[in-house]
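Take a look at the sequence and structure below.

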Amino acid sequence: MTETETHLIEGLRKQNPHAQRQMLDQYGRDVFAQVVRLIPVQESAEEVYQDVFVKVFAHIGKYDAEKSSLRTWISRIAYNEAVSFLRRKAMPVIYFEDRGHEAELLTDEEVDETLGHANQETVQLIRAALNHLPPEERAIITMFYYEEMSLKEIAYVTESLPSTVASKLSRTRKKLCRIIKMLQS
């Protein structure tokens, strides 16, 4: 942990308004981006965003630098708040359903080929395809690609094992690839 983070955490533990503003300035955009990727309705995302920082400020005393970085700890709170919100609201969304063994027909190379070309069309297709994934799968994809979190960090955020995250990531990448192919046809 850097000296700046240590100072920030000390200020937050003392409920210093300057430290709270600094926290919002430093982590606010990333947290909002994470929340809005899971909850695309602006007003709902803003509500969850506020809840995240209320929890961060209220529970900063529980933060343990030995277990995770401050950024990852905040991401865990944001993830849990977003998923809890979606469960509470039971928002009706139609997701792409896998048809069992078809998922295994795609190789990792085919998935890399489909997802790997960072042109404008591919980026738009990926964004559209993400909307067809359940929140937990969308979260894993966005944490890995958009937030560039490691498997270990994602495991901490989702309270699972890195091997489980790797397996889910692989399956979800294949699913995302199939959705993109479906959208292209």
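This is a predicted model: local features need pLDDT of at least 70, side-chain atom pairs count only at pLDDT 80 or more; totals for chains, interfaces and linings use all residues.

Residues are numbered from 1 along each chain as its sequence is written, and side-chain values use heavy atoms, with hydrogens and water left out.

Q: How far apart in sequence are the parts that the pair of Phe-32 and Tyr-49 ties together?
A: Rings of Phe, Tyr and Trp (its six-membered ring) pair if their centres lie within 6.5 Å; planes under 30 degrees apart count as stacked, over 60 as edge-to-face and the rest as tilted. Phe-32 and Tyr-49 are edge-to-face, at 5.7 Å centre to centre and 85° between the planes. Helices are DSSP runs (H or I, at least four residues), numbered from the N terminus. Phe-32 lies in helix H2 (residues 17-38) and Tyr-49 in helix H3 (residues 42-59), so the parts tied together are apart in sequence by 17 residues.

Q: Is the pair of Tyr-49 and Phe-53 stacked or edge-to-face?
A: Tyr-49 and Phe-53 are four residues apart in helix H3, about one helical turn. Their ring centres are 5.3 Å apart and their planes stand at 65°, so the pair is edge-to-face.

Q: Which residues form one aromatic cluster?
A: The structure holds five aromatic pairs. The cluster is made up of Phe-32, Tyr-49, Phe-53 and Phe-57.

Q: Is Gln-34 buried or exposed?
A: Buried means under 20% relative accessible area, exposed over 50%, partly exposed in between (1.4 Å probe, protein chains only). Gln-34 sits in helix H2. Leaving out residues up to four places away in sequence, Gln-34 touches Ser-75, Ala-78, Tyr-79 and Glu-147 (contact means heavy atoms within 4.5 Å). Its relative accessibility is 3%, so Gln-34 counts as buried.

Q: At what angle do helix H7 and helix H8 pack?
A: Axes are lines fitted to C-alpha atoms, for helices over the stretch in contact, and angles run from 0 to 180 degrees between N-to-C directions. H7 spans residues 135-145 and H8 spans residues 151-158, with their axes 10 Å apart. The contact is made by Ile-140, Met-143 and Phe-144 of H7 and Leu-151, Ile-154, Val-157 and Thr-158 of H8. The packing angle of H7 and H8 is about 140°.

Q: What does helix H9 reach from its first C-alpha to its last?
A: Helix H9 (residues 162-184) has 23 residues. The expected span is 1.5 Å times one less than the number of residues.

Key
Helices (H or I, at least four residues) and strands (E, at least two) are DSSP runs, numbered from the N terminus.
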